[in-house]
Amino acid sequence: MVQRVALTRCESYQLPVLENSLKKLLGLLGGIGEFVKNGDRVLIKINLLSGRPPEKAVTTHPSLVEAVVNLVKEAGGIPAIGDSPGEMATITGLARAYRTAGFEEVSRKTGVPLLSFEDDVMEVENSQGHLYKKFTVTKQIKDFNVIISLPKLKTHPLTYITAAVKNNFGFIPGLRKTEFHLKLPDRELLSEMLVDLLDTIKIDLVILDGIVAMEGNGPAGGVPRKVGAILASRNLVALDFVACQLIGYKNPFDIPTNRIAVERKFFLPGNMEILGERIEDLQVKDFKRIPQDVSRKIPLFLSKWLKSLLSAKPKIIDELCNRCFHCLENCPVKCVEKNKDGKLSIHYSDCIRCFCCQELCFQGAIITERPWLVKLFTA
Ligand code: SF4
Ligand code: SF4
């Protein structure tokens, strides 16, 4: 079956512009009616990594979410908005995150509820899973017969990009996500798990916010960068194949989830059709991407220390740190420590390179440091 990815230029978050662009985008796939029927209960799964203002490009832009809500309603669907942020989320913390990121306003204007994924959970099974044959996810998904995923295009130190496939991780409530980082301290294993999850929760439509993406130190501390594109597909891997090329990847197989999903036959690149704009017309070639980690290519018989010598690691930039202690509180192996002088340091011998600290640092004070040996040979 041909997997179609629609790609449209969209330069602005102004609602009328967005609504026009969205209609054009979904028109390439047959229109919203292909995905939402009268009376459908539609879960709109956003990216609410943390409560940051929309202009920081950490979360899906609220105007895009509002435009999708309006389209779903036009088609007769009954929408709700939800996600689980990366850190420990109390009810008040979640409400604050929704407010700061602009979703409380969307809810007020449209009357659409904002859901918590934190309370009720359920187990979903996937007998085909390689690492995980079941996941504990929010029970909210039981109440919906259509799921639309609305990820944000950003860099990520472990998965290189966060787009369609990675957005499913938010179905796993709050700190349960951290447990995966603890058990899977490796980008390959984490990517295997994400592909297992991909096969466990069915997404009916994914629409990627690539109007303003995040480059550099993503997914929380990077720099907003205009790409000017929105993408849509039924197939999450096909969409990620196009998304990574938009930000300059020449080889989509450099993204581990892409490679693993193709190996496991979730997607055949030869069967992809790109509708609308051409990738090369929207591509941002000098987008600041995460440098490739060479440690995957080290044979197993080589020692652990060599692998750690060649792996990127998190580094705290003290001048940017505001001592919020999010990193210290959420590190799964508790290897971030407060020193007597108040500064923070990381015990690298215990650090599992999960980069949760970087993901949760609002200040952009944690960067990914490449080892000097790798810099030497890849300069
Ligand atoms: S999360 Fe960032 S700003 Fe907060 S204490 Fe850690 S390094 Fe500093
Ligand atoms: S210091 Fe950061 S990268 Fe290392 S284990 Fe803790 S959260 Fe993960």
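A crossing of two helices is called right-handed if the near helix is turned clockwise from the far one by less than a right angle. I wanted that wording on the page before opening the structure, which is a predicted model.

**Entry 1: H7 against H9**

I began with H7 and H9, whose crossing is right-handed. Contacts came next: H7 contributes Arg187, Glu188, Ser191, Glu192, Leu194, Val195 and Leu198, and H9 answers with Pro256, Thr257, Arg259, Ile260 and Ala261. I sorted this contact by class and noted six nonpolar, two polar and four charged residues. For the geometry, I wrote down an angle of about 55 degrees, with the axes 9 Å apart. H7 and H9 are therefore oblique to each other.

How many of the eight residues of H9 are buried? I noted seven of the eight in this helix, which spans residues 256–263, so H9 is largely enclosed by the rest of the structure. The buried ones are Pro256, Thr257, Asn258, Arg259, Ile260, Ala261 and Val262.

**Entry 2: Asp196**

Back in H7, which covers residues 187–198, I picked out Asp196. Is Asp196 buried or exposed? Its relative accessibility is 0%, so Asp196 counts as buried. Leaving out residues up to four places away in sequence, I listed what Asp196 touches: Asn126, Gly129, His130, Leu131, Tyr132, Phe135 and Arg264.

**Entry 3: Gln3**

I moved to strand S1 (residues 3–9), where Gln3 sits. Gln3 has a relative accessible area of 16%. The cut-off for buried is under 20%, so Gln3 is buried. Which residues is Gln3 in contact with, leaving aside neighbours within four places in sequence? I found Asn235, Ala238, Phe267, Asn271, Met272 and Glu273.

**Entry 4: H1 against H2**

Another helix pair for the notebook: H1 (residues 15–27) and H2 (residues 62–74) have axes that come within 9 Å and cross at roughly 60 degrees. That makes H1 oblique to H2. H1 passes H2 in a right-handed crossing. On the H1 side of the contact I noted Leu15, Leu18, Glu19, Leu22, Lys23 and Leu26. They meet Ser63, Leu64, Glu66, Ala67, Val68, Asn70, Leu71 and Glu74 in H2. By class, I recorded eight nonpolar, two polar and four charged residues for this contact. A reminder to myself on spacing: an α-helix has 3.6 residues a turn, so residues three or four places apart point the same way.

**Entry 5: the two ligands**

Last, I looked around the ligands. What surrounds ligand 1? I listed Cys321, Asn322, Arg323, Cys324, Phe325, His326, Cys327, Leu344, Cys361, Gln363, Ala365 and Ile366. This shell divides into eight nonpolar, three polar and one charged.

Ligand 2 is surrounded by 14 residues. Which of them are the closest? I have Cys331, Cys351, Cys354, Phe355 and Cys357 down as the closest. By class, the shell around ligand 2 comes to 13 nonpolar, no polar and one charged.

Definitions and conventions. Residues numbered from 1 in each chain as written. Chains lettered and ligands numbered in written order. Predicted model: local features only at pLDDT ≥ 70, side-chain atom pairs only at ≥ 80, totals over all residues. Heavy atoms only, no water. Axes fitted to C-alpha atoms, helices over the stretch in contact; angles between N-to-C directions. Helix = DSSP H or I, 4+ residues; strand = E, 2+ residues; numbered from the N terminus. Parallel < 35°, antiparallel > 145°, perpendicular 65-115°, else oblique. Contact = heavy atoms within 4.5 Å. Nonpolar A, V, L, I, M, F, W, Y, C, P; charged D, E, K, R; others polar. Near = heavy atom within 4 Å. Buried < 20%, exposed > 50% of the residue type's maximum accessible area, 1.4 Å probe, protein only.
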